[in-house]
Amino acid sequence: MIHLSDIRAAADRLRGIATRTPVIRNERLNALVGATVLLKAENLQRTGSFKIRGAYNAIASLTPAERANGVVAFSSGNHAQAVALAARLLGCPATIVMPTDAPAFKVDATRAHGAEIVLYDRYTEDREEIGRKLAAETGAAVIPPFDHPAIMAGQGTAILELIEDSGPVDALFVCTGGGGLLAGSATAATALCPGVRVFGVEPEAGDDHVRSLVAGHPVGIDVPRTIADGLQTQKPGALTFEVNRRFIAGVRTVSDAELVSVMAFLFEQTKLVVEPSGAAALAGLLKDPAPFRGQRVGVTLSGGNVSLQRFMELTRDARPIH
């Protein structure tokens, strides 16, 4: 379990490191939802996603001796880039385990930050097993993408900022892969906004959180087939699930087509570029906005790491949002 005090401590560590990203409002979007929608633009964050918050907080929390041994992480891209940059800033060697089908854009960016990359097949190999074996061989510390108190606390600083900058919210929508951003966000929001309703949003093909909430414990699924590569987790974290089951009001699922429509809408209406995963939270709100009319709704735009070619391919035939 983490607390607001942990998130505030993470915010202190991140001062001058993480970008205090803007909260974007759009009149067209407000009219569509019938509410005041507050978009936390983490697509404008360093490394292009919120992940630097948790990665830096976790590595900065290690002892100097632990950092000297290096860190190991496993990620499809956004956490990989964040750990690579955080390690470089803290003078720490980093090895990142990435899937062979990770977007080349993300692989190249991770390598550019100085990390060593080990590739694996996400459909036949276990990235955690590979990462922990590397750590055992080298003495490096494992920096998991979500299931770690310092990761959750670091991610929660995004919503701490949103509320400090724009005031309290009645509801909050957060994209959900392993549940780290959701756990940190829910912890911050419920502490600062009594009565807030927090919702996770995940791909229809990757509904492990929905299944887990029904079952009452983390449930694993096959690797989801979705364009949202940052949300292709197979099972909620043990730690993140315990936080989320306590604080959130529910989880919505969205289709790939809905993700693409939101990407196109955000580009046209706000001039923001988001990747498929980064569009999930807003897609979840737009799926059924009626319960939130007249309210103040926070939404995470979690990342913008998508190449121009991929963005154009995906949005070319996007269905308009009315």
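Predicted model: local features only at pLDDT ≥ 70, side-chain atom pairs only at ≥ 80, totals over all residues.
Local features need pLDDT of at least 70 and side-chain atom pairs pLDDT 80 or more, whereas totals for chains, interfaces and linings use all residues. Residues are numbered from 1 along each chain as its sequence is written, and side-chain values use heavy atoms, without hydrogens and water.

Six strands form an open sheet with mixed pairing, in the order β1-β2-β10-β7-β8-β9. Strands are DSSP runs (E, at least two residues), as are helices (H or I, at least four), numbered from the N terminus. Pairing requires at least two DSSP bridges between two strands. The edge strands are β1 (23-24) and β9 (250-254). Strands β2 (residues 36-41) and β10 (residues 296-301) run parallel and are joined by six bridges. Ala-41 stands opposite Leu-301 in β10.

The axes of helices α1 (residues 4-14) and α3 (residues 51-60) come within 10 Å and cross at roughly 90 degrees. Axes are lines fitted to C-alpha atoms, for helices over the stretch in contact (heavy atoms within 4.5 Å); angles run from 0 to 180 degrees between N-to-C directions. Residues in the contact include Ala-10 of α1 and Tyr-56 of α3.

The model holds 18 salt bridges (side-chain nitrogen of Lys or Arg within 4 Å of a carboxyl oxygen of Asp or Glu). Arg-53 and Glu-161 form one, at 2.9 Å from N to O. The pair joins α3 to α8 across 108 residues.
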